[in-house]
Protein chains: 2
Amino acid sequence: MRKILSIFLLFQICILGIAQQALWNGSQIISPEINKDKSVRFQLFAPNADTVLITGDFLPQNKMETPMGMVSMPGVDKMIKRSNGIWEYRTKVLSPELYNYNFIVDGIKISDPSNVYQLRDVASIFNIFIIDGDRADLYKVNDVPHGSVSKRWYESQALGMNRRVTVYTPAGYESGEKEYPVLYLLHGMGGDEEAWGSLGRATQILDNLIASGKAEPMIVVMPNGNVSKQAAPGETSEGLLPPSFLLPNTMDGTYENSFPEIVNFIETNYRVKKDKNNRAIAGLSMGGFHSMHISKEYPDMFDYVGLFSAAIIEPDGVSSSVYENSKQKLVTQFEKNPKLYYIAIGKDDFLYNSNKEYVRDLKELNFKHLFIETEDGHIWKNWRIYLSDFLPMIFKE
Amino acid sequence: MRKILSIFLLFQICILGIAQQALWNGSQIISPEINKDKSVRFQLFAPNADTVLITGDFLPQNKMETPMGMVSMPGVDKMIKRSNGIWEYRTKVLSPELYNYNFIVDGIKISDPSNVYQLRDVASIFNIFIIDGDRADLYKVNDVPHGSVSKRWYESQALGMNRRVTVYTPAGYESGEKEYPVLYLLHGMGGDEEAWGSLGRATQILDNLIASGKAEPMIVVMPNGNVSKQAAPGETSEGLLPPSFLLPNTMDGTYENSFPEIVNFIETNYRVKKDKNNRAIAGLSMGGFHSMHISKEYPDMFDYVGLFSAAIIEPDGVSSSVYENSKQKLVTQFEKNPKLYYIAIGKDDFLYNSNKEYVRDLKELNFKHLFIETEDGHIWKNWRIYLSDFLPMIFKE
């Protein structure tokens, strides 16, 4: 025991130093750098690059013509090369939000090597940063009591496999005896049981809204809606395969039919209230499609339904009883007076028209619902907003 | 509800397609590509780059002279540019292992944009891949019952804050009534409560060893050893700061003194066996240092102790009762006959000599211990091996 702490530290710094020197030619890059005025500077050391672009959701979006009309794509802008080989980009003053971005170096999309905060969305990796204030404060970790987040496995008899599910339990759950209401929160196409906890910031939104008394303490269950998969990419025995956006049987009725198993798993394994009044279901895009059909298929199960940029589409070439007699089932669902039927969509969403059409049908039928129209399109920014908006409305006595 | 599924899919593919075309000029790159013979091909589309290097732990290490003698650094090799602008690297046949790597493009260290499997270690992001077979099969997700992994928060009276802890509960814990033994598994310098579950593959190693009957079902607690921090980078109200390697008070006795709080939290919140015979503590590097001192400070607490590449050093300029009278405390600890005192170190580790010296002291004092000497240095490969080696030895009746 002769070696002393300072030499241990020296060695460790040395290792770290070498790793970073290889990168940065000895200079330490800070990126992103959030200025006091809430503008942001990005930097990338790339002396040999010909062109460095930045793409992110804080840039003006590009409109694009598609078979479904105009859609919005993330904007792109040029970074500027300084004489020291560092490329730089300065934004205008940004409004509070959680933003994502990447660099494109001579055509290669890369993560910012100075920013370890990276999140996966389907097959893409994004860097993130937060401009605080307003609603973005809901997306931050604040000094409030924190809920627990567990990755668990349940046995699906219907699908013949063990499947992974993310469960948020609110602060106080483990040490208390109270029973809690449950929100089932579903991901979109290509997503998985990690999506809402990643770019969705569900854990932070829940912690913050519950701590401020704006949302009721609740359990939130984030299952995997891809019935051919046991779990998120990399979490199954298939190994470290590239994540696929196109998975089989995601919108053919299988998930909807097997969904009560998940409810049953939660209700036999957690201290929860087990009535319609204490169950909610919400989802984004494909998860909104699932939420619409599951809540309609089991009209006594959920008193609160949230369709966030829902894929309100008619499955094509699919024969499932789940998608038959939709109108009659909807009548049954609404005869039972769900407490909240929430629909939110952005004006630039490619699903805007189909959502408007659905809302028109609900109006004609005199079905009580809440329709929220926002800016922007089919993006995480909106799903965080919709979740933050939806949570305070559910499970209120 | 007029839109049909195929158009929805088309749109989503379109979005995805655009995102990837920006990268790859329309061509899809597969990297890493693991061949049948267990050699690996890496590819990166970078037509304008002058030099592309690959660095990874499968390459021959570079030896370096440091104040502590020769140490090993990750190897680096050149990638070869093909006429289509794709840089390529082919390895020799690799032995089974979980490997990590990065590309260095004109001096910038980047992640492989074709591989979403990236893990953070302190302030670095690494891509990973697995060559299966032998012990690497322990690092894979296999079709076995899976334990749950929870991120929870406990109140530290001693440190005056809520702190995050990762808890692995074995398959069957939640649905059963059995009481389990507990291993406390500690990270190294700059690490946090996520480290062992990341490059350490602790979840997979535990699932696999327990499923095969080689390890006893146990709860594994991975706390945060940085007493100035509540949680891992990004998981506290400090926001998304760059992770720091050098944190205050990590080796000044504070953690050791506050450790019983963590044991108490687990023993009041989980169904566990609460005696020395059913408690183990192990850690890597700084976590080995902590395990050595905690087990010595509380000689009635742990019957199993694992020092993995432990930082067996004398803290310098630190005054804490924890590091005083070490020899006498060690005598007391060994008088109480711990069932296993396990020390493992690699021959190339900069801590090799101090570990050897410690083992010599233990031998002289006739203290029963198990000393394992392996190849390589202060790297995750060794810590996965030591954990896989240690787990089957603990909690056996």
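Tutor: This is a predicted model, and in it the domain assignment of chain A gives domain 1, covering 26-131, and domain 2, covering 144-393. Taken over C-alpha atoms, the centres of domain 1 of chain A and domain 2 of chain A are separated by 31 Å. Where these two domains of chain A touch, 13 residues come from domain 1 and 14 residues from domain 2. On the side of domain 1 of chain A that touches domain 2 of chain A, strand E5 (69-73), strand E9 (97-105) and strand E11 (118-121) of chain A each supply at least two residues. Sorted by class, that side of domain 1 of chain A has 6 nonpolar, 3 polar and 4 charged residues.

For the helix pair we turn to chain B, where helix H2 (residues 202-211) and helix H7 (residues 380-390) pack with their axes 10 Å apart and at an angle of about 30°. Angles under 35 degrees count as roughly parallel, and H2(B) and H7(B) are therefore roughly parallel to each other. The crossing in which H2(B) passes H7(B) is right-handed. From H2(B), the residues making the contact are B:Ala202, B:Ile205 and B:Leu209, while H7(B) contributes B:Arg384, B:Leu387 and B:Ser388. Sorted by class, the contact of H2(B) with H7(B) has 4 nonpolar residues, together with 1 polar and 1 charged.

How values were computed. Residues numbered from 1 in each chain as written. Chains lettered and ligands numbered in written order. Predicted model: local features only at pLDDT ≥ 70, side-chain atom pairs only at ≥ 80, totals over all residues. Axes fitted to C-alpha atoms, helices over the stretch in contact; angles between N-to-C directions. Helix = DSSP H or I, 4+ residues; strand = E, 2+ residues; numbered from the N terminus. Parallel < 35°, antiparallel > 145°, perpendicular 65-115°, else oblique. Left-handed = near helix turned anticlockwise from the far one by under 90°. Contact = placed C-beta atoms within 7 Å. Nonpolar A, V, L, I, M, F, W, Y, C, P; charged D, E, K, R; others polar. Domains from an automatic or database assignment.
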